[in-house]
Number of protein chains: 2
Amino acid sequence: MPELRLKEYSALVESGLNGLFPQEACRHGKIFEACRYSLLAGGKHIRAALLLEFYRLCGGRAEDAIPFACGLEMIHTYSLVHDDLPCMDNDDFRRGKPSNHKVYGETMATLAGDALLNRAFEVMLEQTAVPAERAVKAAAYISRCSGVYGMIGGQVQDLGMEGRPATLEELREMVSLKTGALIRAACAAGVLLAGGSEEQKKAAEDYAAAVGLAFQIQDDILDVVGDQAVLGKAIGSDVANEKTTFVSVYGLETCRSMVRNLTMEAEAAAETFADGGFLKNLAGYLAKRDN
Amino acid sequence: MPELRLKEYSALVESGLNGLFPQEACRHGKIFEACRYSLLAGGKHIRAALLLEFYRLCGGRAEDAIPFACGLEMIHTYSLVHDDLPCMDNDDFRRGKPSNHKVYGETMATLAGDALLNRAFEVMLEQTAVPAERAVKAAAYISRCSGVYGMIGGQVQDLGMEGRPATLEELREMVSLKTGALIRAACAAGVLLAGGSEEQKKAAEDYAAAVGLAFQIQDDILDVVGDQAVLGKAIGSDVANEKTTFVSVYGLETCRSMVRNLTMEAEAAAETFADGGFLKNLAGYLAKRDN
């Protein structure tokens with residue numbers, strides 16, 4: 001069932017995103033096209049779904065938080081567009097399609113990333129369905145998580161770990177910032193927007209911490225399993241090229257058990273909410289995903 | 001006298017900015033250094049000063065709006081850092097110093113730009129001295145002006161005008177977005193933060209439109225006069241390389257008279273405020289500046 005609810009949320013968000021960069025016949029219309037290209041590239045909108053669900057669980061109507069859900073997806077998308085740039089990870093493909101700069105060029109991709117980040121705040125702040133105090137708190141929380149004290153800090157830390165083995169402590173810290181911070185933002189902002197209690201906010205943060213870490217470990221597992229399936233590579237080849245991952249440190253079996261344990265932690269946090277079934281199912285669904 | 005007040009505002013803002021990227025001993029500390037490098041590079045903080053002055057004229061205490069003044073300067077600085085990148089204008093120098101990517105590399109400069117834009121919203125939203133409704137309105141107005149419908153739209157339009165002569169209409173539209181929008185944001189946000197009237201907001205926008213256009217025309221004049229002084233180039237050489245500027249269209253003398261007329265328009269808009277002396281002097285000061 002979580003897939004069903006996830007699809008409902010995803011459709012709501014997709015429809016919201018679709019209206020944010022209309023194809024205008026203006027002199028700077030190309031940037032709208034470049035933003036749409038990456039924003040509507042078929043992501044699963046996990047972050048948006050988490051925000052909408054926590055908002056609902058704390059008493060809100062999901063529809064009223066769509067601008068914030070869209071804002072999170074825009075922040076996530078800008079980070080992918082900039083990450084793919086030649087001066088960053090230099091990736092030619094993203095979600096099976098040519099990356100933004102391969103289609104629109106580096107100049108436009110840089111500006112499109114900037115535009116997506118900027119418009120995320122524009123859309124969150126222009127929405128009126130939520131009281132201003134709550135909107136300010138939620139947007140401030142999100143910006144904290146996406147900036148130097150969150151996602152960007154994690155990106156920088158990741159850069160510093162290239163080409164050398166990292167300690168487990170470093171790896172955990174990096175992941176909790178680079179991947180975890182925006183997931184935490186999604187969960188906590190849902191609570192803040194609905195005016196939820198401190199206890200609910202704490203539960204959202206606990207849930208996010210467990211799901212975020214499980215998500216990254218599962219990513220590392222899928223990387224290795226995918227490589228093995230495609231290339232017949234031996235496990236541990238990531239150690240050889242000096243990139244430390246959870247699998248390179250713990251091995252596949254321990255990682256699988258870590259994902260199981262973290263999923264149980266997430267499920268326990270979801271118990272705070274009488275109607276936390278979707279959160280539990282989503283944690284399980286993410287732990288079992290194969291892409 | 002405007003220089004004196006400008007210096008006071010600038011010192012306030014500089015002190016605020018100085019605290020925003022502390023030199024932390026964390027694993028991702030390099031990004032703090034890269035952000036500081038460009039943020040504290042000795043700009044005049046015109047945008048911040050405009051925001052603080054309109055805030056004061058509408059009844060606020062300048063100190064309370066410092067986070068917003070800092071936010072504007074961060075947005076302005078991020079745009080310069082990204083503009084200088086090799087895939088953009090490819091400038092090696094900015095304000096007489098090596099540009100950000102020449103010192104920290106392209107990867108870090110890209111992330112530093114992202115971080116500055118993100119932290120601008122973080123700082124504006126985390127501040128508490130202004131009622132939430134006003135903070136939301138002002139931050140939304142600023143984001144509108146810095147995004148695809150403002151500064152970024154202007155950057156994209158400017159790209160589309162490269163290597164061919166532009167019409168005067170295009171040039172005006174591009175300038176009103178690329179340079180003008182953030183100046184408009186500064187003036188209007190000051191009014192919005194203080195809860196000023198519609199009439200005051202209108203006057204702020206009129207003042208900004210005149211000052212913003214005068215600023216760009218003066219820039220074009222200084223480019224030509226500077227080139228003539230240094231290289232003995234003939235006026236009109238910009239036409240030869242097909243970059244349309246106000247000087248290439250109208251010639252130096254007409255441009256100088258346009259700056260004078262726009263400055264008078266700005267002074268007239270400043271009359272809306274009983275205590276608008278600084279605004280008048282600032283408009284005159286900007287029109288007479290030589291760098």
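Predicted model: local features only at pLDDT ≥ 70, side-chain atom pairs only at ≥ 80, totals over all residues.
Me: Why is A:H45 called buried?
Reply: A:H45 has 24 C-beta neighbours inside 10 Å. The cut-off for buried is 20 or more. A:H45 therefore counts as buried.

Me: Where is A:H45, and what is its phi?
Reply: A:H45 sits in the loop between α2 (29-39) and α3 (46-57) of chain A. Its phi is near 60°, a positive value in a residue other than glycine. Most residues other than glycine have a negative phi.

Me: Why is A:N90 called exposed?
Reply: A:N90 has 11 C-beta neighbours inside 10 Å. Exposed means 12 or fewer, so A:N90 counts as exposed. A:N90 also has a positive phi, near 50°. Its place is the loop between α4 (66-83) and β1 (93-94) of chain A.

Me: Why is B:E106 called partly exposed?
Reply: B:E106 has 17 C-beta neighbours inside 10 Å. Buried needs 20 or more, and exposed needs 12 or fewer. A count of 17 falls in between, so B:E106 is partly exposed.

Me: What does B:E106 touch, leaving aside its neighbours within four places in sequence?
Reply: B:E106 lies in helix α5 of chain B. It is in contact with A:C87, B:L85, B:P86 and B:H101. B:R164 is 58 residues from B:E106 in sequence, and their C-alpha atoms are 29 Å apart.

Me: What makes α5(A) mostly covered?
Reply: In α5(A), 21 of the 27 residues are buried. Each of those has 20 or more other C-beta atoms within 10 Å of its own.

Me: How do you know that the span of α6(B) agrees with its number of residues?
Reply: α6(B) has 15 residues, which should span 21 Å at 1.5 Å a residue. Its end C-alpha atoms are 21 Å apart, so the two agree. In chain A, helix α14 (residues 277-288) reaches 17 Å with twelve residues, close to the expected 16 Å. Buried residues of α14(A) include A:F278, A:L282 and A:L286.

Me: Why is α6(B) called largely enclosed?
Reply: Twelve of its 15 residues are buried, so α6(B) is largely enclosed by the rest of the structure. Among the buried residues are B:A135, B:Y141, B:R144 and B:S146.

Me: What do the buried residues of α6(B) pack against?
Reply: From chain A, they pack against α5 and α6. From chain B, they pack against α4 (66-83), α5, α7 and α9 (180-193).

Me: Why is A:A139 called buried?
Reply: A:A139 has 29 other C-beta atoms within 10 Å. The cut-off is 20 or more, so A:A139 is buried. A:A139 is found in helix α6 of chain A. Leaving aside neighbours within four places in sequence, its contacts are A:F121, A:M124, A:L125 and B:L125.

Me: Which residues meet where α6(A) contacts α5(B)?
Reply: α6(A) brings A:V136, A:A139, A:A140, A:S143, A:R144 and A:S146. α5(B) brings B:N118, B:F121, B:E122, B:L125 and B:E126. They divide into five nonpolar, three polar and three charged.

Me: At what angle do α6(A) and α5(B) cross, and with which hand?
Reply: Their axes come within 8 Å and cross at roughly 145°. The crossing is left-handed.

Me: Why is A:I217 called buried?
Reply: A:I217 has 22 C-beta neighbours inside 10 Å. Buried needs 20 or more, so A:I217 counts as buried. Its place is in helix α10 (residues 198-231) of chain A. Leaving aside neighbours within four places in sequence, A:I217 is in contact with A:F246, A:C255, A:M258 and A:V259.

Conventions. Residues numbered from 1 in each chain as written. Chains lettered and ligands numbered in written order. Axes fitted to C-alpha atoms, helices over the stretch in contact; angles between N-to-C directions. Helix = DSSP H or I, 4+ residues; strand = E, 2+ residues; numbered from the N terminus. Left-handed = near helix turned anticlockwise from the far one by under 90°. Contact = placed C-beta atoms within 7 Å. Nonpolar A, V, L, I, M, F, W, Y, C, P; charged D, E, K, R; others polar. Expected span 1.5 Å × (residues − 1).
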